Structure formats: structure tokens, C-alpha cells
Number of protein chains: 2
Amino acid sequence: MILGIDIGGTTSKLGLVQEGRVIARARIHTTGHADDRAFADALANEARQLAVAQGATITAIGIGAPNANQLTGIIEMAPNLPWKHDVPLARMMSDRLGVPATLGNDANAAALGEWRYGAGQGIDDLLVVTLGTGVGSGFIVNGRLVLGSAGNAGELGHMILLPGGRACTCGRNGCLEAYVSIRGMIATYHEAASDMPQAASSPTDVKSIADRANTGDTAAIACFQRTTEWLAIGLANAVCATGPKRIVLFGGIARNGELLMAPLRERFHATLLNIYQGRVDLTVSALPDDDAALLGAAALGELAAYLPQRS
Amino acid sequence: MILGIDIGGTTSKLGLVQEGRVIARARIHTTGHADDRAFADALANEARQLAVAQGATITAIGIGAPNANQLTGIIEMAPNLPWKHDVPLARMMSDRLGVPATLGNDANAAALGEWRYGAGQGIDDLLVVTLGTGVGSGFIVNGRLVLGSAGNAGELGHMILLPGGRACTCGRNGCLEAYVSIRGMIATYHEAASDMPQAASSPTDVKSIADRANTGDTAAIACFQRTTEWLAIGLANAVCATGPKRIVLFGGIARNGELLMAPLRERFHATLLNIYQGRVDLTVSALPDDDAALLGAAALGELAAYLPQRS
């Protein structure tokens, strides 16, 4: 049985995964531990209890985390995690549980999860895009995850969409993520609302913008229209790189169903370079919301033997 | 010995390649043949004569051509070639010469040529960008050329750089190719000159813009500055996809030496997302100008066994 671990800023989840399903779950706080070693001890302890309760043997560990480098197994100075230094979490967990552990960044884990268990099954040229607080991506080419020479490929959210545009958290301007993330959509709502006479309270999440759009709020409708247009260009540009057969969207924004997807599909296909038309489809994650990150992490563990390895 | 063939709009070149060097060359007109079969007959005839003259045996054929699909071996309705239908040139040449033939698009051939014989040797995560009439590209990931699910990956020139911008030959607007190709640079020169009092005759190629820049023509200097800025963004965006270790620039525009490369390197490194800084370098082709396309085609033939194959 594979242990999947999803490291988040406040909570870290563990799951035992068998044949693409999470059969037991646990969670611990990411914060509040004396140091990274104490955190790893707590994770390992929780994992042992899970396995004992299920009468299961853990054969491999997969860990998804922000700022994780799959080539080295190290979480590199993650701004949203408690440790401001490099944490070699793959080795730390492998040492504690005595089985191989693979660490990967959360967007790459999501890509492998969709490929192995979700909407990308059987699709060896795949792009998975996570739309949430940030915009992450994982490119699968010819049945392999693209890691890049330094282990950090697949940063679609930081392709520059509008040169000289909005400030991005990366310190540059105009990145796709500055427009189509949660923060980006809220900013777009305010830009749209400032052009309009109505005075509404400020939305703080995408769901409330979607609710407003569904009741005819013109700023909310404009926000979805602009987001759709920008995301269509971003996805069409990504297709020009690796020529995927399918794109899977994942995360909170993608969950707004046909409010986003119907116009997005239309704009995406209209924006796509002619030679790709009819050759790439666009869909949403097929994994259960609560389990997607754990399944992705488990896919990392399961597929470790097939992933590129560097010294 | 490998036969490399480079199919151009007016002339097609043949070369016998041994250990990364072209040891004998020939050329025929691409136009003026009764049909595609007559053209293939003429190519095969020329190849036989070359081999006889060198006392050489051809063991494999590699062919670079515009609009070539490497997965199928077919030139697909190339707008700049005489045949407005699909031409299965790989099979046609293989039948005539009795050895395996591999067809690939010219930018992918250039990428393989640089990887095998040129500035990309030993670099398994590589991006090669051809800057000329158009902007082509070939992505090599983990030691393999990225073909994409339909055999047409690697269209960096058609990533949209400025949404709603200049009309591109592809029918859309704002593509990188509309700015940093030969046509794009001439358009940029005219835009810059229209802001300036001087009246100079129109440049018709990049060399004449470079010559003017070297003599202090302010429109020409502005043209190079703007081209540099746009190309830096386009390359930084490509890095976000596959995380290459090196980018090799190839083609007429890249040949303007330090007039382009010195400021481009500075802008590229300044534009690059922080996690890639210090991890990717930018250089120009190391292949002799006249032989680069033939060597790329030969690399296609030589590497056929290592390339992704689909049914």
C-alpha cells in the first residue's frame, strides 16, 4: 500500500492508497513543531498508526509539497511553510519508515495523479493546470513527467501574459498567475466594478464572484469573461510548447463548473494555433476534491521507478 | 554514411555526413518537377551519384522540411512548397534508396543537429530556437525531442506575446513571430522610424538594420532594443515550460553577433523567473552556417532509432 502525504501551509494530510483510492486518512498540523525533524517524526508516527489500524504494509511513500524539488528530494526554502531552510523530506521520511520516498512539487503531483488515476488516464502527452491561490502546472511528455534540468519545470503560472502588467508575487509583472489565480480574479472583479455604477461589498473568494455572476452582477460577469480570455491565451501558449493531447484543469477555480468551462472551451479552441485545432481537448479533474492531492502524492510514490532520476 | 536532405522552397540540398561533418554536397531545384514523385526520383538520383563519387554506402536518410510531421513521415500541405497535398516523403525516399528514412520539421532538425553536433552537445534539456523568416523551435527534454501527441510540438513562434497585437501569418494576433522574425524586425524598424524625424530608405533585411544600428541610426538601435526585450520575454516564457539547461539560437537574426546577443543575454537573465536564474544559459549555434540544416537532417536520420515512434 502506498502512503501519500500532502504538505500544506497549515495542515498536512496523510492517506493510504490502494488501486487509486484513499482507504484511510489522517492529518497533522504543519506548524507548531520544534523543528523539521520533529515534524517528520510526527508524520512518521501518524503513518505507522494508520498502517497498523488497517493491517497494511507501506511499500512506498509519495510526498507533494510546495517548492519541492523532485530531483533532489528537498523542499527549497518554501515561503509558505514554517522552515526557511532546505528540508530533505524525502530522505527524512525514508529513514523513518524504511521504504523509498519520492518528493515532488504539488502541481507535478496533481499531474501524475490525473495521469494515473484521473482525467488523464491513458494520455501520454498531458498538461495539468492547477488553478487556486497560485497557478501551477505539470507537463507529461511521451509518458513521462517533465522535470527540467534543475527539477523545476512546469511554471505555466509565471509565463508572462501581459508584458508590463500587474505585479506578480514572483516580483515580476504580467504573469498569468497575476490574472487567473484567486487573487487575480478578485483584482479583476475590482477593476471591472470600478468601471460600473453599482456599489457592492468586496468578494474575498472566487465562489462569491461566481454567485454574483449567477445573479446577474455585471462586474462578476465581466470578471469571468476576462479571466476566460486570459486563461485561453495561457493554455493555447502552453500547447505550443509540448503539444499535449489533453489539458486537465484542477483546483478551486476550475470547480465553478460550466460558468467557467463552457466559455473557456469556446475561447480556448478559438485561440488555439490552427495546426493544433481538433487535436487537444480541455477538461476538469476527475478526482474527488478531498482526495486529489493525496492521490497525486501517492502517484509520485508509485511511479518513482518510472520518473527521471538524476544524480 | 548518413544522407541529410534539407528541403527548401526553391532549392533542396543533399549532403553525405560522417562524424558530424558534411563531406560531400549537392543541390537540386525544389520546383519545376512534374510532380512529387518526379522530385523524389531526382533527389534519389542525386544521392546515388554522391555516394558513388565518394565510394560511400548510405545507411540512413534524414530529411528536414517545412510542415513535416515526424510521427507520420508526411509533409502536410506546406504553403511554401510546390505540392499542395500531403507528401509521404520519408517512405518515398526509403523506397527509392532501400534504407530507413526519417522526416522531421526543419526546426526540430536544427534542434537535433545542435544537440548531436553543435552547441547543445551533452545537454539533455535543451531548447533550440531558429530566428529567420519565421520563428521555429525544438524542445529536447531528458534526451528526447518533444514531438507532442500530433507530431507538431515546439511552436514557440506562435506563443502569443502581446494579446491583440500585430497580425501574424498564422491568422491570429500578437504572436512572438510577428515581432522577432525578419518581417517583424522590419515592421519594428518602421514603427520606430515613424516616431523620428529622419527619413531613411526602407531596410529589407536584418543585416541592413544591423548596419544602420552600427552607424548610429536611432530607429535601427530602437528596433534592436525592442526586439531584444520581446525575445527575452518569449525565451523566459519557454523556460517556464520545460526548464532547459541551455537555449541555442540559430538562423539569420542570431548571426548579428553581439549587437543582439549582449543585450539579449542581459534582458533574458533579468526577465527570467527567479527559480531559473543561474540555471540556464543562452548561446548561438556552433554549426557552420552553410551546413547546419544538412547536419540537422542527418541527426534526424542518425537518431531515428532513439526518437519517439507512434503507430
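Some housekeeping comes before that. This is a predicted model, in which local features need pLDDT of at least 70 and side-chain atom pairs count only at pLDDT 80 or more, while totals for chains, interfaces and linings use all residues. Residues are numbered from 1 along each chain as its sequence is written, and chains are lettered from A and ligands numbered from 1 in the order in which they are written.

Now the interface. I call two residues in contact if their C-beta atoms, placed from the backbone, lie within 7 Å. On that basis, 35 residues of chain B are in contact with 35 residues of chain A. On the chain B side, strand S9 (135–141) and helix H7 (218–242) each supply at least two residues. Helices here are DSSP runs of H or I with at least four residues, strands are runs of E with at least two, and both are numbered from the N terminus. H7(B) gives the largest share of that side, seven residues. Sorted by class, the side has 20 nonpolar, ten polar and five charged residues. Nonpolar means Ala, Val, Leu, Ile, Met, Phe, Trp, Tyr, Cys and Pro; charged means Asp, Glu, Lys and Arg; the others, Gly among them, are polar.

Next, the domains of chain A. The bounds come from an automatic or database domain assignment, which gives domain 1 (2–111 + 291–306) and domain 2 (122–286). Their centres, taken over C-alpha atoms, are separated by 27 Å. Ten residues of domain 1 of chain A are in contact with 14 residues of domain 2 of chain A. Which helix gives the most to the domain 1 side of that boundary? Helix H3 (residues 106–117) of chain A does, with five residues. The domain 1 side divides into five nonpolar, four polar and one charged.

Back to chain B, for a sheet. Five strands make an open sheet in the order S3-S2-S1-S4-S7, with mixed pairing. Two strands pair if DSSP finds at least two bridges between them. Strand S3 (21–29) and strand S7 (101–105) of chain B stand at the edges with a single partner strand each, so one side of each has no neighbour in the sheet. From one strand to the next, the twist averages 20 degrees. Strand S2 (residues 11–18) of chain B runs antiparallel to S3(B), and eight bridges join them; among the paired residues, Ser12(B) has Ile28(B) as its bridge partner.

Helix H3 (residues 106–117) of chain B lies across strand S4 (60–65) and S7, at about 110 degrees to S7(B). Axes are lines fitted to C-alpha atoms, for helices over the stretch in contact, and angles run from 0 to 180 degrees between N-to-C directions.

Last, strand S9 (residues 135–141) of chain A, where seven of seven residues are buried. Buried means 20 or more other C-beta atoms within 10 Å of the residue's own, with C-beta atoms placed from the backbone. Val135(A), Ser137(A), Phe139(A) and Val141(A) are on one side of S9(A), with Gly136(A), Gly138(A) and Ile140(A) on the other. Strand S8 (residues 126–131) of chain A pairs with S9(A) in the antiparallel sense over six bridges, and the two form a hairpin with three residues between them. S9(A) also runs antiparallel to strand S10 (residues 144–145) of chain A, joined by two bridges. In that hairpin, with two residues between the strands, Asn142(A) takes a positive phi near 55 degrees.

That is the tour; I'll take questions.

Terms used. Buried ≥ 20, exposed ≤ 12 C-beta atoms within 10 Å, placed from the backbone.
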